[in-house]
Amino acid sequence: MSTTAACIEHAQELIRRRDGADRVLPVAGATKPALSRAGDGVMAVDVSELRGIVEYDPGELTVTARAATPVAEVADVLAEHGQYLPFDPPLVEAGATLGGVVAAATSGPNAFRHGGVRDFVIGVRLIDGTARLVSGGGKVVKNAAGFDLPKLMVGSRGRLGVITQLSFKVFPRPSATVTHRYGLGLDGALETIARLCRGPITLDAVDIEPGGHLVIRLGGDVDLLGARSARLEAEVGAAAEVLGGSVDRDYWTDVAGFSWVPGGQAVVRAPVPAHLVPRVDAVLEAAGALVRYSLAGNVAWIAWPPARPTEVLAAALAGLGLTGVALTGPPLPGPIGAQPGGAFGERVRSAFDPFDRFAQD
Amino acid sequence: MTGILDALAQLRLGSRMLTGPAQLAAFGSDALTAFHQRPLAVVLVESTEEVVAVVRACHQQGVPFVARGSGTSLSGGSLPVEGGVLIALNRLNRVLRVDPAARTAVVQPGVINLQVSQTAAPHNLAYAPDPSSQAVCSIGGNVAFNSGGAHCLRHGMTSNHVLGVKAVLPDGELVELGGASTEPNGPDWVGMFCGSEGLFGIAVEVTLRLVPIAESTRTSLAVYGSLQDAGDAVAAIVRAGLLPVAMEIMDALAIEAAEASVKPNYPKGAALLIVELEGERDVVVAEAVKLDALLRKSGATQTTSTEDPGARALIWKGRKSAFSAVGWLAPDYIVQDGVVPRTRLGEALAEIGRMSVETGVRVANVFHAGDGNLHPLILFDGRQPGAVERAERLAGDILKLCVSLGGSITGEHGVGVEKREYLSLMFSADDLGLMRRVRRAVDPKELANRGKMLEPAEMAA
């Protein structure tokens, strides 16, 4: 069941009425189908109409846009002024929206340099479970007034409200980039990461490919990039396969589109404490999954074959004390494993959604 | 009231439970000294179990409690509640572990901010948020008020550096939020907990993100003929695509105060701009050339820059002592913390100047220009009739100005007791209604830090 909201007032009305459904789930770009699939008794409220940039002043380094604005649209406008969204959301070419990126907490590999979605979202407007339109945060980069509702929305997956508008900090974009690949194996990659991430070179992305290749991206002034690239190679102490120019760009566009995931397989995102990576890798490999580690081993992107029951993955993650959220591929249960939050999470949720109108896990 | 004292006595805290009038008086205020309240008792806790036990006792008896670390809040964040219990966290002051490979540290709430960086330094790591009070303020308070500092421009605020929190909820239940990954699954409960001004309970363990110490750090000083010119220079630097870690402005009065106290030997002028670059050595060298050209082009009458740690430390000592240094200029002051969009800094400063002249109340300006975060220091002599009221009125008018320009009433000090009535300038009745619902869902009796940020129930009715 799906209904399109023509405007904010209509979305409020739909949340109030629910049209015979028990609960509602906001959807827009549907690039993460596992999260936008409405289950039994759930009405999908399509908010795709709530789009467009509301405010952007390059001198301010902030942008405000309606929630269903495609990330690509914002990225293009920012790029004209040499700026970018430093949290590097995936699935941009597929049509990911700002609201979807916030609701799914999807930060990409290049978030390593400056931080993830949670570090750049500064304001939110949302419809809560009482169907009221409420605001939190603001449009300025520094703001300590009131509860931090913008951050709370990160990873909220439509459980707390329908996001209608978002404000972000943005940063100057590196004018040139280069990528190194090193065949060090997983242990070598982890050892190198532990060393390199404590300086002195500023790294834009630090990933480990399935199979253990370490991938590092540098960004910055084009005049300095050659010398910095040579220095990185010396610091790593191994010969790099150097990807420059369009090869560098295409490599990361492919990663953002999950082109490394075999056709038909689900993509599951699991936060990982970096020290657990070797154990995670052993367990997931044994379970039959391909894994790509991003953000210096802080997040595992798991490709899961459709033939394997998701319960196996859920059990593997739970055994490691981890949680995971399925994004793409065949429909899966949204979250795998318990979401941290406990009594605090449940109490906050009950305040946002006192009548249980939003989809639940 | 004897009920709670009896309940606390059963915890056998001995000399760590204070009830004598003189002992209690020492905890009556924080750094917002205009406010004073006497708690019923102060307990100096030494373990998570004791925090849980005290909070449970308060919850059972319906007695409000306030957590306090170093008491450096500038918004009255750790002001006790009359008749309530003050839970002093200073003895929960251990760095529990540092993980150099993952670049994280797990600390107790009473750990001093600067101590985190000192502990991490041997691993070439540091804790980025650096409030001016970093040598004394504690992490628990930093988390509760989402503290900022001079280096937020690139590094962000406290909440950007908190990955996990173990917290005692207002009914004594212990919860763990977030974890050791930089990218937890949501909702971002940790982000919501940070900056909640103690209304959601007490953080007893905090997992912090550490950053590498930069290979090179260069601090530049530029002198301008007016505050407006200095503000415009900040906008020009942003437009040029440079991303310094800090951009600070001080006006003549603030410079005078700094010179009178810690003598940083700042060049003389109507406005001083401090810009700090950090990163790889070659990158900083190249950026410093660009920066210097921008500073000169924007009308700086004098520029200098240094990488020398001693010289840099002196520059920052002058800047960070500015609040206390204005004590040299006037017996009393109010420090405000409003934020304006950075492109409207010049406009805001001109208007504050005009308001100062019109009211005859002197204002020293020292602020995080890169973030648009103003710290007007409103000077007065509380012994003169009407002076306090005039200063408070001007402070309120400045906050209204910030909001009317599209900004915020607080960038990093929090709402506390001081700016509660101004929260409605930024948020609608529905916005505040949701915040109150959240507060009451987490703490139905409104016991945790009652009266901070939101009005207590009986007043809001």
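In this predicted model, chain B is divided into five parts: domain 1 covers residues 2-88, domain 2 covers 95-212, domain 3 covers 216-323, domain 4 covers 330-404 and domain 5 covers 420-460. Two of these domains may be considered together. Between the centres of domain 2 of chain B and domain 4 of chain B, taken over C-alpha atoms, the separation is 30 Å. Their contact draws on four residues from domain 2 of chain B and four residues from domain 4 of chain B. On the side of domain 2 of chain B that touches domain 4 of chain B, three residues are nonpolar, one is polar and none is charged.

The next topic is the contact between the two chains. Chain A contributes 71 residues to this contact, and chain B contributes 80 residues. Which elements of chain A each supply at least two residues of the side that touches chain B? They are helix H6 (117-120), strand E8 (133-137), helix H7 (149-152), strand E10 (171-172), helix H9 (222-236) and helix H13 (342-352) of chain A. The largest share of that side of chain A, eight residues, comes from H13(A). By residue class, the side of chain A that touches chain B divides into 33 nonpolar, 23 polar and 15 charged residues.

Finally, the confidence of the prediction should be considered. Where pLDDT is low, predicted coordinates should not be read in detail. For chain B, the mean pLDDT is 94, and 99% of its residues reach 70 or more. For the complex, the predictor gives an ipTM of 0.96 and a pTM of 0.96.

Conventions. Residues are numbered from 1 along each chain as its sequence is written. Chains are lettered from A and ligands numbered from 1 in the order in which they are written. This is a predicted model: local features need pLDDT of at least 70, side-chain atom pairs count only at pLDDT 80 or more; totals for chains, interfaces and linings use all residues. Domain bounds come from an automatic or database domain assignment. Two residues are in contact if their C-beta atoms, placed from the backbone, lie within 7 Å. Ala, Val, Leu, Ile, Met, Phe, Trp, Tyr, Cys and Pro count as nonpolar, Asp, Glu, Lys and Arg as charged, and the others, Gly among them, as polar. Helices (H or I, at least four residues) and strands (E, at least two) are DSSP runs, numbered from the N terminus. pLDDT is the predictor's confidence in each residue, from 0 to 100.
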